[in-house]
Amino acid sequence: MSASLTLVIVMAVMYAAGIYIMLERSLTRVLIGFLLVGNATNLLIFIMSGRPGSSPIVTGTALDDSMVDPVPQVLMLTAIVINFGITALLLALIYRSWWLAQLGDEGDNLTDEHAAETSEDSEAAFRSSSDDEAAVQASLDASEQGSDDDSSGADATDRSDERDPATTGSTDQEGDTR
């Protein structure tokens, strides 16, 4: 096995620069250093994977002698996924620290948007929603009764003339007050 000297030097420089940058106090520099170290690790796995050869997908052929070991490829994919996950975590930490720094002395104690509301206000809101539920239920009941009366074949123009029963006191075909 012969490793390219250029790849070894690039890997060593990436490790050195990544570790040096990770020692800074800034979270952004820690992230950049971590990315450099992660890519240097992928390069290390690539260098140590051995000689190039045929893919390990098809076996039982004459090319079995020159087949590549698939384990380093799997290790590189795993290292990429782990590097991505930790990068996402560091980005979330960087964003959160920036957001808290922008708030200043107030910190994480934001005012409650409902702090000025009283218990009477919330009860009135709940009361109005229960009135809405009663109106919806009455409408459903009326539509169910209307579907029973539909069997007589009344046309749609008769229904469009109907008004609110509470204000008009009109009667339907059977004489019942609505």
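Predicted model: local features only at pLDDT ≥ 70, side-chain atom pairs only at ≥ 80, totals over all residues.
Biologist: What does the secondary structure come to, and how do the elements run from the N terminus on?
Modeller: There are six helices and zero strands. Reading from the N terminus on, then, the elements go α-α-α-α-α-α.

Biologist: What part of the contacts with a separation of 6 or more comes from residues 24 or more positions apart?
Modeller: Contact here means heavy atoms within 4.5 Å. Take the contacts in the protein with a separation of 6 or more; residues 24 or more positions apart account for 44%.

Biologist: Let's turn to N83. Is it buried or exposed?
Modeller: N83 sits in helix α3, which covers residues 71–103. Its relative accessibility is 10%, and the limit for buried is under 20%. So N83 counts as buried.

Biologist: Which residues does N83 touch, not counting residues up to four places away in sequence?
Modeller: N83 belongs to helix α3, while helix α2 spans 27–48. Leaving out residues up to four places away in sequence, N83 touches F34, L35, G38 and N39.

Biologist: How many salt bridges does the structure hold, and which side chains meet there?
Modeller: The structure holds one salt bridge. R29 is partly exposed at 44% relative accessible area, and E24 is partly exposed too, at 33%. The N to O distance is 3.6 Å, and the side chains that meet are those of R29 and E24.

Biologist: Which residues make the nonpolar surface patch?
Modeller: One of them is V8, which lies in helix α1. V8 has a relative accessible area of 32%, so it is partly exposed. The patch takes up about 360 Å² and is made by L5, V8, I9 and V13.

Biologist: And which residues form the negative surface patch?
Modeller: D121 is one of them, and its place is in helix α4, residues 119–149. With a relative accessible area of 44%, D121 is partly exposed. The whole patch is E113, E117, E120, D121 and E123.

Biologist: Where does I19 lie, and how far apart in space are I19 and G33?
Modeller: I19 lies in helix α1, residues 5–22. At a relative accessible area of 46%, I19 is partly exposed. I19 and G33 are 14 residues apart in sequence, and their C-alpha to C-alpha distance in space is 6.1 Å.

Conventions. Residues numbered from 1 in each chain as written. Heavy atoms only, no water. Helix = DSSP H or I, 4+ residues; strand = E, 2+ residues; numbered from the N terminus. Buried < 20%, exposed > 50% of the residue type's maximum accessible area, 1.4 Å probe, protein only. Patch = residues over 30% accessible without salt bridge, like charges linked within 9 Å, V, L, I, M, F, W, Y side chains within 5 Å. Areas by Shrake-Rupley, 256 points an atom, 1.4 Å probe, with all protein chains shown as cover. Salt bridge = Lys/Arg side-chain N within 4 Å of Asp/Glu carboxyl O. Lys, Arg positive; Asp, Glu negative; His and termini not counted. Charge placed at Lys NZ, Arg CZ, Asp CG, Glu CD.
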